[in-house]
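Keep the sequence and the 3D view side by side.

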Amino acid sequence: MTESDSPTPDGPSSADLDAAIAAARERYQAERAKRVRPDGNAQYGELTGDFAEFDRDPFADPDYHRDPLSEEVEVLVIGCGFAGMLTTIELKARGFDDVRMVDRAGDFGGTWYWNRYPGCMCDVESYTYLPLLEETGYMPTEKYASAVEIFSYAQLVGRHYDLYPHALFHTEVVEAVWDEAALRWRVRTNWGDTLSCRFLVTAGGILHKAKLPGIAGISRFKGRAFHTSRWNYDVTGGAPGVFMDKLADKRVAVIGTGATAVQVVPRVAEAAQELFVFQRTPSAVGQRDNGPTDEAWFASLAPGWHAERVKNFTEAVTGKKPEVDLVDDGWTHVMWDDTQTKSDDPEVTRQQERSDFLTMEEIRQRVTRIVEDPETAAKLQPWYGKHCKRVCFHDEYLPAFNRPNVHLVDTDGHGVDEITENGVVACGVEYPVDVIVFASGFEVTTDLEHRLGFDPEGRGGIRMSERWSDGAHSLHGILSAEFPNLLMISLVQAGFGTNFLHFLSKSAEHVAWIIATCEERGIATIEATPEAEEEWYELLLGVAMGIAGYSTRCTPGYYNSEQGRDSKTARNLVYTGSLLEYAGFLERWRGDGSMSGALITEGT
Ligand code: NDP
């Protein structure tokens with residue numbers, strides 16, 4: 001599929017290749033060893049206390065106010081991102097209109113409401129990523145849509161499906177308690193609302209809780225600092241998609257070099273007087289090749305094209321090798337071979353390592369071709385396997401390092417040491433700056449109740465943090481024992497996919513089906529049985545074992561919980577096989593109709 005999968009006849013000899021792979025293997029382990037730290041996820045700081053200002057919504061009207069509400073509804077959906085929107089749309093399609101949606105954000109969009117940093121876009125093709133394109137008749141303007149376009153598409157979907165009347169924005173749930181006598185959830189919010197519902201859907205807490213590097217001195221800094229997901233255009237000037245005109249006399253630090261930084265750096269580079277990029281681990285950055293949508297091609301797509309394309313993409317990036325590669329982009333090329341699932345056949349293992357090496361080698365060579373200074377190029381090369389971190393695709397990130405005002409500060413795996421009043425200290429050197437941008441990511445594998453921001457209180461007053469004190473317990477990641485009529489859409493014990501919207505749409509469909517089926521069959525409560533939870537966990541564990549060897553050899557990151565391997569973190573795992581397999585479990589469960597593994601009480 002890729003250049004690298006089929007080395008040319010005049011490529012390296014087999015012996016040379018084996019030697020290069022052996023050397024890379026050693027280098028991977030050396031780079032990993034530099035980065036593994038005993039504190040794992042705990043190395044990061046929360047945006048609370050001294051850092052609460054980092055979490056303020058810069059896009060909200062500071063004078064927004066409303067009186068508390070008291071409401072009884074059938075379904076309460078927490079989260080107005082695509083997960084919550086798709087769930088509500090599915091519910092409405094099944095005749096449920098008594099649905100209330102709440103979100104801390106000021107509009108629909110979730111991730112795309114919060115992430116308005118310069119250069120923000122989706123790295124999955126828009127025709128595949130954006131949901132409901134056939135239903136809304138919307139044609140994305142580019143192959144890879146900008147965040148501005150995706151946010152406005154979320155608003156369009158909100159209008160198209162008449163979701164706005166359902167939504168309470170700027171609203172955070174602070175408490176959710178199961179009332180066993182009334183068979184309802186009682187929910188309180190930051191406005192003092194008292195909401196009650198039969199079914200509570202949590203459709204949030206995935207990539208929304210920003211984190212800061214756990215380094216000393218952040219609050220000492222006298223300049224301006226913010227997290228990428230709360231971009232401060234008052235400081236930088238400009239707007240999403242518009243040149244930042246207040247940075248021309250500013251020295252800017254970007255801390256972090258993950259998928260977000262890869263998009264931010266080119267935009268800051270063109271605007272700032274000086275840009276210092278602080279790197280702990282380089283990203284793997286492949287070719288993007290964005291372009292406008294071919295309108296004639298888009299108009300020619302036959303009904304049903306979207307579902308087919310979504311499925312085809314997931315097949316292509318999970319090693320299922322569909323007959324045709326419909327998307328045919330960096331993702332499908334790089335991920336065409338599944339090189340992480342363990343095989344008992346040594347020849348397969350050898351081919352996997354070879355394929356992985358060649359793909360990563362091509363990415364490393366791309367750096368040397370683009371970045372002019374050899375020392376900088378060497379530091380930007382990723383030395384880990386292709387499944388270790390989310391691969392990035394960008395055509396302006398690497399060239400940004402050829403600009404005289406852009407400086408890579410590579411910390412050789414150690415990270416930034418501290419922040420002072422004046423700037424950032426790395427490897428013992430202080431870099432004075434005016435603005436610090438934390439591109440330090442989000443909580444992904446921390447406890448769900450922590451990410452939700454409230455601790456659901458189930459039957460008999462048991463809190464999720466208590467019932468899940470040894471890690472998550474669920475059936476499909478969606479139902480949990482002792483939490484009747486709570487339906488969760490999150491990564492915890494659930495699916496995961498390169499195209500996150502594929503996962504969300506499958507989850508939304510399942511959640512809406514459960515609620516509608518309970519209604520039809522006169523089921524009052526539904527939750528998982530502890531036995532079914534254990535069976536599901538065993539299944540998750542079995543699949544995870546298939547990639548465990550690969551994963552433990554990786555550099556730390558959120559894919560592997562920063563290599564924190566305690567038993568609790570282990571239970572908060574995702575389904576590590578293909579999303580199509582995960583969706584298959586849900587489909588078979590619904591198709592069977594018996595709701596096996598669910599504890600059900602009859603009568604409404
Ligand atoms: P990441 O968690 O991927 O990156 C955080 C970065 O901060 C890493 O480079 C990390 O280094 C670095 N870091 C952490 N602590 C320190 C420190 N003390 N000193 C220096 N550097 C430090 O977060 P992102 O926001 O970049 O991306 C998160 C996820 O969001 C993506 O993986 C993706 O799922 C999603 N995303 C999706 C996009 C899309 O187009 N669909 C675009 C952007 C983001 P290290 O690697 O060593 O830990």
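This is a predicted model: local features need pLDDT of at least 70, side-chain atom pairs count only at pLDDT 80 or more; totals for chains, interfaces and linings use all residues.

A polar backbone atom of Asp123 sits 2.7 Å from an oxygen atom of the ligand. For Met121, the distance from a polar backbone atom to a ligand oxygen is 3.0 Å. How much of the ligand does the protein bury? Taken alone, the ligand exposes 920 Å², and the protein buries 90% of that.

Leave the ligand and turn to charge pairing. Side chains of opposite charge can pair when their charged atoms come close. A search of the whole structure finds 47 salt bridges. Three of them are worth a visit here.

Take Arg27 and Glu31 to begin with. Their side chains meet in a salt bridge, 2.9 Å from N to O. Both residues sit in helix α1, residues 14-35. They are 4 residues apart there, so about one helical turn separates them. Glu31 counts as buried because its relative accessibility is 8%, under the 20% cut-off. The pair also belongs to a network of salt bridges. That network links Arg27, Glu31, Lys34, Arg35 and Asp412.

The next pair is Asp395 and Arg366. Their closest N and O atoms are 3.2 Å apart in a salt bridge. This pair links distant parts of the chain, 29 residues apart. Asp395 is in the loop between β13 (392-393) and α14 (397-400). Arg366 is in helix α12, residues 346-370. Asp395 is partly exposed, at a relative accessible area of 34%. Arg366 is buried, at 9%.

The remaining pair is Arg459 and Glu482. Their side chains meet in a salt bridge of 3.8 Å, N to O. Arg459 lies in the loop between α15 (448-452) and α16 (464-467), and Glu482 lies in the loop between α16 and β19 (486-488), so the pair ties together parts that are 23 residues apart in sequence. Arg459 is partly exposed, with a relative accessible area of 24%. Glu482 is partly exposed too, at 29%.

Thr339 lies in the loop between α11 (330-334) and α12. Thr339 is buried, with a relative accessible area of 5%. Which residue does the side chain of Thr339 contact? The side chain of His387 makes a polar contact with it, at 3.2 Å.

Helix α14 brings up Leu398, which is found there. Leu398 counts as buried, at 2% relative accessibility. In sequence, Leu398 and Thr368 are 30 residues apart. In space, their C-alpha atoms are 9.6 Å apart.

Finish with the backbone angles of two loop residues. Asp328 is not a glycine, yet it has a positive phi of about 50 degrees. Its place is the loop between α10 (305-317) and α11. At 45% relative accessibility, Asp328 counts as partly exposed. Met595 is not a glycine either, and its phi is also positive, about 55 degrees. Met595 is found in the loop between α20 (579-592) and β21 (598-602). Is Met595 buried or exposed? Met595 is buried, with a relative accessible area of 2%.

Key. Residues are numbered from 1 along each chain as its sequence is written. Side-chain values use heavy atoms; hydrogens and water are left out. A polar contact is a pair of N or O atoms within 3.5 Å; within protein, one must be able to donate a hydrogen and the other to accept it, and residues adjacent in sequence count only if both atoms are side-chain atoms. Accessible areas come from the Shrake-Rupley method with a 1.4 Å probe; for residues, only the protein chains shown count as cover. A salt bridge is a side-chain nitrogen of Lys or Arg within 4 Å of a carboxyl oxygen of Asp or Glu. Buried means under 20% relative accessible area, exposed over 50%, partly exposed in between (1.4 Å probe, protein chains only).
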